[in-house]
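Please read the following note with the sequence and the model open beside it. The points take the aromatic pairs, the contact between the chains and the salt bridges in turn.

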Amino acid sequence: MQIYINNLSFAYGIKSIINNLSITLNQGDYLVVKGKNGTGKTTFIKCLLGVNEVKPGTIFFDKTDITNFNSWTKFGYVSQSFDNFNYEFPITVSELLSVSSTKQTTASDRLKLLDKMKIFDIQNQNINSLSGGQLQRVFIVRAMLNKPKVLILDEPTASIDKQNKEFFYQTVEDLNKEGITIILITHSDEIEHLNYTHILTMFDDYTNSFDIRNKGGNE
Amino acid sequence: MFLSFITDLFQQDFMLRALTAGVMLGILAPLLGSIVVVRRLSFIADTLGHFSLVGISVSLFLSSLGFSYFFEKPLYLGIAFSVIGGLLIEFFRRSYTNYKEISMVIVISLGAALSAIFFALASKTGSLYQYLFGSILTVTNYYIYLILVTLGIVSLLFIFFGKQIVAVSFDETSAKFLGINVSIFQLIFMIMLSVVVSVLLEAAGVLLISSMMIIPVAAGMRIGWSFRSTTIISIVFSELSVLVGLWLAYSLTIPSGAAIVSINIIILLVVALTKKIINARRISKIDKNQIK
């Protein structure tokens, strides 16, 4: 799926957060959105996901304007610190994945993903008994369940240890090699070792720059 | 006392009706209650209950004007107003996106004010007490049918859309990526909840509806190990409190809603205490093993 964003701007009231942002991503690209806290990274994702109304500017998914787009199952999304999820009420990993599956996703698909993410053994555990790293793997499995074309990861390594971080970045790279478009939002500087293809940098003064990474590995 | 209760249960029509209504409500209240708790909307049943009371008071007012139909069947307007209350909550929630609880305060205040006005205007206000605290022992056949229809509709919704209901309740943001229209879901859920709250009104009373929905779930959450087990345990606790509460209400001539809710609270306390004792023993066992 092609993602085409042209001259996107967004403001909360009179406070302008995003100014004239333009990017084009093709299927299989790997975009890192980099910037300090408060530079508008999550606001950008909210625009991309249709939560924030885009005005002015345009977003097209495969030549469909975002206002007419309704194939959201093509997106997988792992939110920042899982703060939207209510994980105090008892629900097992397997129950969560079962209710998060569309008709096309079978039990076998779920088990394969759990195995791939090395969390096969915790499928009957309660969500609220999991560690940060395990929880993150569960949410990646959930985002991948319905075979998305684009995977959006918002500050995914904020609350996990080094070992889980390495596993996470490796998994993202593997998924990208399978042809899935990756959009990774981070405020971390540890991005040099990632095999991203594009980088969007968001600055303190709410300006931004979009660059294609050279094959040599430098931005 | 208990034996005469059992005999009356199957010999007296009113007791059999109370039992039938109680058993069905015992399923309905915690089933919806579990979703309400997951969505962190525990206060909503109270709000809808107050708005449903507006419908009851309007019915009494209309019956005092000569429309006797509304006196016999006040719950129809109760349901209609509860749904209006639910829609008003949704409307205000969208206006105050960052202060969603404000919507409840607006609707509950409006509900209480309108109820007071129409109860004052109606000349027949004798049943106000019944609607505040509930009376399952006096329910009629029409009420039984009403619960049966509601239970049927809610069960069908859970059978066909149970997965989506649970998915949206746990995580509204991600529900979009499952192809669920969250706005439509919220609207349907609010209407379903409004109807259930009004149906509970007659048995539990406006002041005790939320207790019947929430407290069994609060107890179930303590010991449930999955969503399914928590919901089933909540229903078992709810049924237990209905049966024991009915017996107490009959034997001691106290309001049935109050009796049922009191048993619910006792169950919650027993569960919480037992869980605490078991956890303390487990920790001391682990400590002893570490010392060894």
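1. Rings of Phe, Tyr and Trp (its six-membered ring) are taken as a pair if their centres lie within 6.5 Å, and the planes count as stacked under 30 degrees apart, as edge-to-face over 60 and as tilted for the rest. By that rule the structure holds 18 aromatic pairs over all chains. This is a predicted model, in which local features need pLDDT of at least 70 and side-chain atom pairs count only at pLDDT 80 or more, whereas totals for chains, interfaces and linings use all residues. Residues are numbered from 1 along each chain as its sequence is written, chains are lettered from A and ligands numbered from 1 in the order in which they are written, and side-chain values use heavy atoms, with hydrogens and water left out.

2. One aromatic pair deserves a look at the contact between the chains: the ring centres of Phe89(A) and Phe227(B) are 5.7 Å apart and the planes stand at 50 degrees, so the pair is tilted. Phe89(A) lies in the loop between β6 and α2 of chain A, while Phe227(B) belongs to helix α12 (residues 227-252) of chain B, so the pair joins two chains; helices (H or I, at least four residues) and strands (E, at least two) are DSSP runs numbered from the N terminus. Both Phe89(A) and Phe227(B) are buried, where buried means under 20% relative accessible area, exposed over 50% and partly exposed in between (1.4 Å probe, protein chains only).

3. Within chain B, Phe185(B) and Phe189(B) form a stacked pair, with 6.0 Å from centre to centre and 20 degrees between the planes. These two residues are four apart in helix α10 (residues 182-204) of chain B, which means that about one helical turn separates them, and both Phe185(B) and Phe189(B) are buried. One aromatic cluster takes in Phe61(A), Phe69(A), Trp72(A), Phe75(A), Tyr77(A) and Phe177(B).

4. How many residues of each chain are in contact between chain A and chain B? With contact meaning heavy atoms within 4.5 Å, 24 residues of chain A touch 23 residues of chain B. The area buried between them is about 2,100 Å², of which carbon and sulfur atoms give 61%; buried area is the accessible area (1.4 Å probe) that two parts lose on being put together, summed over both. In chain A, the residues that lose the most area to chain B are Asn86(A), Phe89(A) and Val99(A), together 31% of what that side buries.

5. The count of salt bridges between chain A and chain B is two, a salt bridge being a side-chain nitrogen of Lys or Arg within 4 Å of a carboxyl oxygen of Asp or Glu. Glu88(A) and Arg40(B) meet in a salt bridge through their side chains (3.8 Å, N to O).

6. Over all chains the structure holds eight salt bridges. Glu173(A) and Lys177(A) form one at 3.8 Å, N to O, and they sit four residues apart in helix α5 (residues 162-177) of chain A, so about one helical turn lies between them. Glu173(A) is buried at a relative accessible area of 15%, whereas Lys177(A) is exposed at 64%.

7. In chain B, the side chains of Glu172(B) and Arg39(B) meet in a salt bridge (3.1 Å, N to O). This pair links distant parts of the chain, 133 residues apart, with Glu172(B) in helix α9 (residues 172-175) and Arg39(B) in the loop between α2 (13-38) and α3 (44-64).
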